[in-house]
Amino acid sequence: MSLFKKAKTTDETTNTAETVETAVTTTEKTRTKKGKRKKSQVIPIWKISLLLFFLILSTIITALVFWALSSFKRVFMDEILWHLKTSLKGTNADVIRSATLVGAGCALLILIPSLILLLKTRKKPRTGKIVYRTYQVVTSVILVTGLVAAYFGFHVKEMIRSHFMYSSFIEDEYVDPATVNITFPEKKRNLIFIYVESMEMTFMDRENGGAFKENIIPELTALSKENEDFSGESDIVNGGISLPFTEWTMGAVFGTTSGLPLKTPLGHNGMIAKNKFFPGVTTLGDILEAEGYKNVLMMGSDSEFGGCSLYYEQHGNFEILDYPYAKKAGLIPDDYHEWWGYEDEKLFEFAKDELLTLSACDQPFQLVIQTMDTHSEDGYKCHLCDDKFGKNKYANVINCSSRQIDSFVKWIQEQSFYENTTIIITGDHPTMDTDFCDDVPKGYKHKVFTCIINPAAEPEDKNSFRVYSTIDLFPTTIAAIGGSIEGERLGLGTNLFSSRETLLEQYGHKKLKNKINLGSKLMDRMFDGKYHTKEKKSKP
């Protein structure tokens, strides 16, 4: 009996030990599972890093979108793409500095607290998960806000139409200058072409067709009234309308000298713009070079910006006298820099010397001058500017520009070469200043200042108030220096001295704008260098 009990006790002890061991093992497994579960709820560093990267990227994109919309009145996606395709070299340092401060400042402002909070809560299962998901939502909201603002503010809808909805309108209306008979008089006439940055006729008083109570540009108004602006017998001053793709400086220059909008394709072809500028397109510079003209460009900024130098070099073989040239030539100190390079006051003085040099030669010349003081935002106030318009800096700068141009024109008129010289003054595009025209009625038609002084032609219909765009200046300029144009059309432009209708007069502003906004296979081929003159015959 005692042996049986002893054996039973031994078995019970063994079973108890096994039970305890099983319980311990089960407890350890449970603890291990809990540990693994807790450990799996810790957000990995790589996930936090990735989230912060997209958060900062979204913040920078959105900040720069709102910076651009608050810094410029009109921002076009095609303009942004053009500058990315060509060159941003020479951009005003203040613009770059402002954009950098906004982008970097907003990024740091959101990065530091976000980094601290995400790292602090990553090991707290419930709180860390909530914080992480909240930041995912915040990142998405910031990015979507920026993209929506860019879509409406940068006219992306028009860009989409331009690149994905095609029309044959430009191809149907285009007159290739290379196929047109253009004749010049034996004695060639000199040309001085002045692009005045952002100069609108809007800046005049209402009595003269402007939109302001007081005339900010009285000198330019007088020049326009005394010379040719195609206003006929009207007391209202007339100017050119900027059509789509001519509403920034390089687009305006291309439009007035080729009769075409600066439309470029998307994709890999965009890289062509870095070394070729619409090869095969015949421009004003090409025509004048073929006629034996000496072509010169003067500007107080870096001509590489926006592909400007590329265009002038490849279309007219221009001699370029820009900001870098002025430093190399010793015209300004090597460390001198004001605004975009050097101010317009110096530009006009340098231009006087250049004109005296050009006029001393037997060769006819074209001098193109591009001003910069009236660039947005608020312009550059030099020592010649006064405070006639009080604290309104931009008004004072615009008024100063008007006086400087008038003085320059008067100097030219006193020179012996003036008799055989035509002067064309035009704004490159409407102003991009964000608030200067806030009080201008919404229905007011913005036109750039346009004036032709001492032309070799007269309008066929002197009573007609012409409705025209800046692209009409291409054939009109040739007529102004004595050229005779078969059919009176070049590019999409019409010679305003003739009685032939412009495209604006033929189609109306809204319809023409919509047609030009659509894509053009012809312009794609022109940009790619695949266009050949034989494709197009001159329009009758």
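How many aromatic pairs does a search of the whole structure find? The search finds 26 aromatic pairs. This is a predicted model, in which local features need pLDDT of at least 70, side-chain atom pairs count only at pLDDT 80 or more, and totals for chains, interfaces and linings use all residues. Residues are numbered from 1 along each chain as its sequence is written, and side-chain values use heavy atoms, with hydrogens and water left out.

**Aromatic rings**

- Rings of Phe, Tyr and Trp (its six-membered ring) pair if their centres lie within 6.5 Å; planes under 30 degrees apart count as stacked, over 60 as edge-to-face and the rest as tilted.
- The search gives 26 such pairs. Among them is the edge-to-face pair of Y312 and F318, at 4.7 Å centre to centre with 70° between the planes.
- Burial terms rest on relative accessible area: buried is under 20%, exposed is over 50%, and partly exposed is in between (1.4 Å probe, protein chains only).
- Y312 is buried at 2% relative accessibility. F318 is buried at 7%.
- Y312 and F318 also belong to one aromatic cluster, together with F254, F277, F278, Y311 and F527.

**A charge over a ring**

- K521 lies over the face of Y166, at 4.1 Å from the ring centre.
- The rule asks for NZ of Lys or CZ of Arg within 6 Å of the ring centre and within 35 degrees of the ring normal.

**Salt bridges**

- A salt bridge needs a side-chain nitrogen of Lys or Arg within 4 Å of a carboxyl oxygen of Asp or Glu. By this rule the count is 11.
- E171 bridges to R525, with the closest N and O atoms 3.5 Å apart. The pair links distant parts of the chain: E171 is in helix α7 (residues 169–173), R525 is in helix α18 (residues 521–528), and they are 354 residues apart.
- Helices (H or I, at least four residues) and strands (E, at least two) are DSSP runs, numbered from the N terminus.
- E171 is partly exposed at 30% relative accessibility. R525 is partly exposed at 25%.
- D386 and R403 meet in a salt bridge of 3.6 Å, N to O. This pair also links distant parts of the chain, 17 residues apart: D386 is in the loop between β6 and α14, and R403 is in helix α14.
- D386 is partly exposed, with a relative accessible area of 33%. R403 is partly exposed at 26%.
- E458 bridges to K462, the closest N and O atoms being 3.1 Å apart. E458 is exposed at 56% relative accessibility, and K462 is exposed at 52%.

**Backbone to check**

- Most residues other than glycine have a negative phi, and most peptide bonds are trans.
- The peptide bond from S376 to E377 is cis, with omega near 0°. E377 is in the loop between β6 (365–370) and α14 (393–413).
- D378 is not a glycine, yet has a positive phi of about 70°. D378 is placed in the loop between β6 and α14, and is partly exposed, with a relative accessible area of 30%.
- F230, a residue other than glycine, has a positive phi near 65°. The place of F230 is in the loop between α8 (218–226) and β3 (239–240).
- F230 is buried, with a relative accessible area of 2%.
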